[in-house]
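Subject: Structure handover and notes

Hello,

The structure we spoke about is below. My notes on it follow.

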Amino acid sequence: MYNLFSRLPFSFLSLVCAAAGILFVAYIGLIAVVMSYAALTVEFSQSARNDEAAVAVLESQYLANVARITGTDYAADGYVKPVSTLYVRAQSVTALR
Amino acid sequence: MRAQFRSRVRLILAFLIFIAFSIVVRLYFIQIVHGEEYALKADKQFTSGGGKLFDRGSIYFTRKDGTLISAATLATGFLVAINPQTLGDPEAAYAAITTAASSTSLSREAFIATAAKKNQVYIEVAHRLPEENGLALSKQNILGVEVFRERWRFYPGRTLAAQTIGIVSYGSGDTLAGQTGLEAAYESTLARSGDSLYRNFFAELFSNVGDLLVSARDAREGDLVTTIEPEVQTRLENELAELNQRYGSKESGGIIMNPVTGALVAIARYPSYDVNNLQSIDPVELANPLVEHVHEFGSIMKPLTMASALDAGVITPETTYNDTGCITVNEEKICNWDAKARGVIPMREVIVQSLNIGASWVARQLGQDQFRSYFMKFFGVKTGIDLPNQSAALLSNLSKPQQIGYDTAAFGHGVAVTPVQMLRALGALANGGVMVEPHVVGAVRLNSGIERELDWSERTPVFSPEAARATTGMMVAVVDEKLGGGKLKIPTMSVAAKTGTAQLTAPGGGYYSDRYFHSFTGFFPAYHPRFIILLYTNDPQGVTYASETLNATFMDLVHFLIDYYAVPPDRGLPAEGGSASGEPTTP
């Protein structure tokens with residue numbers, strides 16, 4: 001072991017400094033990654049919320065249309081109830097046609 | 001040399017440990033000690049200055065094809081705040097803000113007065129700006145005017161199922177929470193912790209390693225999927241509004257339920273309110289009378305009395321009694337609705353002609369103990385419905401020895417129950433004698449994406465299937481022979497129904513002689529029901545009997561449901577070229 005280290009082209013101090021440098025860069029990198037991740041998460045989350053809100057507006061329009069159709073007074077539009085109702089047996093249908 | 005090598009290795013190890021320890025300490029301070037501070041800084045960069053954005057789970061209606069439609073969701077927009085200390089030109093700022101927030105009620109004078117409060121740095125002046133307006137105002141970069149992201153609760157259906165969905169407000173605390181309806185009943189599911197954006201492995205490793213592996217929050221928080229069908233709900237609300245307006249009633253209500261599963265398809269009360277605009281709402285209106293108010297329902301109680309006696313074996317459908325028109329019990333006089341005697345008649349006529357004397361006679365055949373036992377099964381326990389503030393039934397007459405209490409309870413007087421309790425008990429007639437748990441929420445869609453079906457499988461047998469079927473037959477005769485003089489009969493669909501008219505109780509005791517509570521129940525197809533309907537209208541003007549007020553509403557709903565769900569005929573299909581008959585084809 002002694003021979004091995006004595007033959008290396010750099011000192012222990014250099015090794016330690018390099019290790020510390022690598023760790024520092026990794027630390028900075030991790031912080032950058034975490035911050036970017038947080039920013040993207042917020043951005044995507046808000047984007048999803050905006051889309052949900054847009055869908056809610058469409059749903060609101062759908063429900064308003066359902067209410068309008070349900071509340072339609074067909075008599076006022078000139079329609080009348082049938083004089084009589086005749087119940088008939090449904091025609092049998094084949095699976096293939 | 002070996003010793004020197006060891007010392008160097010130790011030195012390197014110590015240095016590495018020191019570096020690692022420093023990093024751990026630094027991370028600890030950043031993510032745990034100062035975590036909230038940094039989260040707030042992040043909020044300020046991306047969202048609002050007022051802390052966390054409001055977040056809450058959604059509530060969905062379920063269309064008949066399974067499509068989910070939002071009943072309660074979140075809307076997004078912007079709020080505008082000013083910093084009086086840095087606001088340069090209040091007039092220009094006011095002009096820009098009112099252009100962007102056209103709906104703001106802030107007057108120019110009020111804004112100028114607000115801007116003059118130089119000791120403050122943050123005053124909100126406009127809320128709920130539309131997306132594009134908020135972004136446009138933000139781009140103007142007006143000194144002292146800040147635009148922040150904002151979210152709020154939004155109900156796309158506005159008045160639709162308002163009392164059932166409920167509201168979110170501050171209540172007595174300082175956080176927004178569900179106060180009524182499903183919003184309150186499922187608060188723990190709908191509420192959001194709000195810090196999920198800033199969750200990270202390192203912080204959770206220190207704070208709660210258990211949550212990192214299996215998150216209790218993810219297993220609890222989610223969206224509610226209700227069983228309410230929006231088009232049926234709309235139809236029911238529309239019918240109730242028309243009914244209420246036509247007769248000038250104090251209020252009207254209705255519930256449509258699947259009697260086999262207990263799933264409520266529609267539940268409504270008129271008048272209702274717009275959940276998006278609560279500023280002018282009387283807080284009393286926020287309650288849900290369908291689970292919170294009790295009523296004496298009148299004659300729709302008779303089928304329950306009849307089925308109880310049939311189940312107990314004290315009568316059969318062929319049993320006869322002598323109807324004298326009026327009787328005196330405990331010095332109180334009880335009469336039929338028309339006070340006329342019918343003579344010796346079978347049990348069927350008690351339901352078909354809605355005879356009070358007959359119902360009282362049946363109650364006496366049961367005896368007080370058995371009668372009480374059945375009614376306690378129907379109404380003595382909570383229904384299990386997932387709505388808050390359920391009221392208990394008023395059954396005190398059944399704990400007294402006077403027979404009058406039992407005789408009147410047999411036709412729905414002297415005992416008061418909620419509409420949901422009444423529907424649950426009547427549902428047993430439609431479900432082979434078994435009561436189910438009425439419910440509004442069928443499933444919870446968890447944040448993890450998993451949809452968890454809720455367990456509503458509790459069943460309470462109260463009658464034999466034979467007793468339920470025999471009573472159902474009597475109720476079918478009501479529709480086929482009595483309603484509208486038999487003109488409302490549907491040749492291809494057996495419909496079981498019963499009307500109820502009860503005198504309203506007067507404040508000082510006793511009953512009004514000219515004010516009524518009308519009720520109506522029915523289910524179809526009678527022998528394999530898909531739907532059971534309960535309707536009521538409270539204090540209608542100018543009419544006496546429920547058959548006058550609720551027949552049309554009930555039959556409109558029946559025809560709508562048959563068409564909407566394509567419910568197949570269960571009887572009377574005409575032979576080729578023949579006319580329809582009225583006999584059921586199913587057992």
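How many of the 10 residues of strand 4 (residues 145-154) of chain B are buried? Eight of them are, so strand 4 of chain B is mostly covered. Buried here means that 20 or more other C-beta atoms lie within 10 Å of the residue's own, exposed means 12 or fewer, and partly exposed is in between, with C-beta atoms placed from the backbone.

Before the rest, the conventions. This is a predicted model, in which local features need pLDDT of at least 70 and side-chain atom pairs count only at pLDDT 80 or more, while totals for chains, interfaces and linings use all residues. Residues are numbered from 1 along each chain as its sequence is written, and chains are lettered from A and ligands numbered from 1 in the order in which they are written. Helices (H or I, at least four residues) and strands (E, at least two) are DSSP runs, numbered from the N terminus.

Strands of chain B

Strand 4 of chain B is paired with strand 2 (residues 68-82) of chain B, antiparallel, over 10 bridges; a pair requires at least two DSSP bridges. Within strand 4 of chain B, E150(B) is opposite G77(B).

Chain B also has an open sheet of five strands, ordered 9-8-20-19-18, with antiparallel pairing. Strands 9 and 18 (496-505) of chain B are at its edges with a single partner strand each, so each has one side without a neighbour in the sheet. On average, neighbouring strands of this sheet are turned by 10° against each other, direction ignored. Strand 8 (residues 251-257) of chain B pairs with strand 9 of chain B over six bridges in the antiparallel sense, and S252(B) has Y270(B) in strand 9 as its bridge partner.

Backbone details

Y270(B) is also joined to P271(B) by a cis peptide bond, with omega about 5°. P271(B) is in the loop between strand 9 (264-270) and helix 13 (289-292) of chain B. Another cis peptide bond joins F524(B) and P525(B), with omega about -20°; P525(B) is in the loop between strand 19 (511-524) and strand 20 (531-538) of chain B.

S354(B) is not a glycine but has a positive phi of about 55°. It lies between helix 15 (348-352) and helix 16 (356-366) of chain B, in the loop, and counts as buried because it has 26 C-beta neighbours inside 10 Å. A566(B), also a residue other than glycine, has a positive phi near 50°. A566(B) is in the segment after helix 22 of chain B and is exposed, with 8 other C-beta atoms within 10 Å.

A helix pair in chain B

Helix 12 (residues 230-247) and helix 22 (residues 551-565) of chain B have axes that come within 11 Å and cross at roughly 160°. Axes are lines fitted to C-alpha atoms, for helices over the stretch in contact, and angles run from 0 to 180 degrees between N-to-C directions. The two helices of chain B are therefore roughly antiparallel (over 145 degrees). Residues in the contact include L236(B) and L243(B) from helix 12 and F560(B) from helix 22; contact means C-beta atoms, placed from the backbone, within 7 Å.

Chain A and the interface

Chain A has two helices and zero strands, and 5% of its 97 residues count as buried. In the interface, 30 residues of chain A are in contact with 37 residues of chain B. Helix 2 (residues 12-70) of chain A gives the largest share of chain A's side, 24 residues.

Regards

Conventions. Parallel < 35°, antiparallel > 145°, perpendicular 65-115°, else oblique. Contact = placed C-beta atoms within 7 Å.
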